[in-house]
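Please look at the sequence and the structure first.

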Amino acid sequence: MKAKLVDVFSAERFGGNGLTIFPEADGLSTGEMQAITREMRQFESLFVFRQGAEFAARIFTLEEELDFAGHPLLGLAYHLHEAFGDRDRHEWRVRLNRRTVELTSAWRDGRFTATMAQGRPDFLRTLTRDEAGEVYAALGLGADERRNYPAEVVSTGLPYLILPVSGGLERIEFRVPDLSPLLAWHGAKFVYVLDVQGLEGRTWDNRGRVEDVATGSAAGPAAAYLHKHGLVLGKTLSIAQGRFVGRPSRIEVELVIDGMELADVRVSGDVIKVADLAFAA
């Protein structure tokens, strides 16, 4: 079985968010894909299926399958370009469990960049001050870190609770064994703690055991949140992540405005190949 190891949101090897891509996943069961992902010990792995001229993909974390994610799809754009591309720039359509995503891949000046159109963001719920206080407390954050902006659940495919802070990212400490029940109550899958001044974020699995290096699926909702509250100027921004796990990353976001409405959020990042791998059958 072949695999490809790439780093996403970095132009240099051993930076950004690592991803293992399995380009020939036909015949693998759900259980086998989950077991392989756990064996790789990365935040996510991606499995690719060729269906005629089209492509499909399934994404797994260490704990479960996801219907949508960011950095695996940008890494997939690299694989598709390398395996099937014949020019500097390509567009791809990839079917996931519940939606089809559009990807763009491009080589320019020796660097590879992948872009994903995440679509129009959905603002699903605004937490009250008391409700938000429970989440801050669960992460060990006090009044000094809170901002006078609401915590909101925003989705471009995966619902994140955007928790705004003013600095203090280094002081986060899980005070609950599992955030899942609290987040589910508000309709969120994960929390994304966002420094709204420094434009830097952090997120984890809901038990706080594994911190994600760079989260493309959260960058879209985070950028939409910043736009809604007038916290960014212009239509492009760069979000930092990964500093606390020794893999600094940069996630580029473009906001597409149609009239007065935010019509699309496009998330981009550099991708670089680390290795081609082969596993015993």
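F22, F47 and F60 form one aromatic cluster. Here rings of Phe, Tyr and Trp (its six-membered ring) pair if their centres lie within 6.5 Å; planes under 30 degrees apart count as stacked, over 60 as edge-to-face and the rest as tilted. By this rule there are 10 aromatic pairs. Two of the pairs are set out below.

| Pair | Distance of centres | Angle of planes | Class |
|---|---|---|---|
| Y78 and W107 | 6.4 Å | 65 degrees | edge-to-face |
| W107 and F112 | 5.4 Å | 70 degrees | edge-to-face |

Y78 belongs to helix α2 (residues 71-84) and W107 to strand β7 (residues 100-108), so their pair ties together parts 29 residues apart in sequence. Helices (H or I, at least four residues) and strands (E, at least two) are DSSP runs, numbered from the N terminus.

Y78 is buried, at 8% relative accessible area, and F112 is buried at 2%. W107 is partly exposed, at 37%. Buried means under 20% relative accessible area, exposed over 50%, and partly exposed in between (1.4 Å probe, protein chains only).

A charge also meets a ring: R202 lies over the face of F244, 4.0 Å from the ring centre. This requires NZ of Lys or CZ of Arg within 6 Å of the ring centre and within 35 degrees of the ring normal.

The model is predicted: local features need pLDDT of at least 70, side-chain atom pairs count only at pLDDT 80 or more, and totals for chains, interfaces and linings use all residues. Residues are numbered from 1 along each chain as its sequence is written, and side-chain values use heavy atoms, with hydrogens and water left out.
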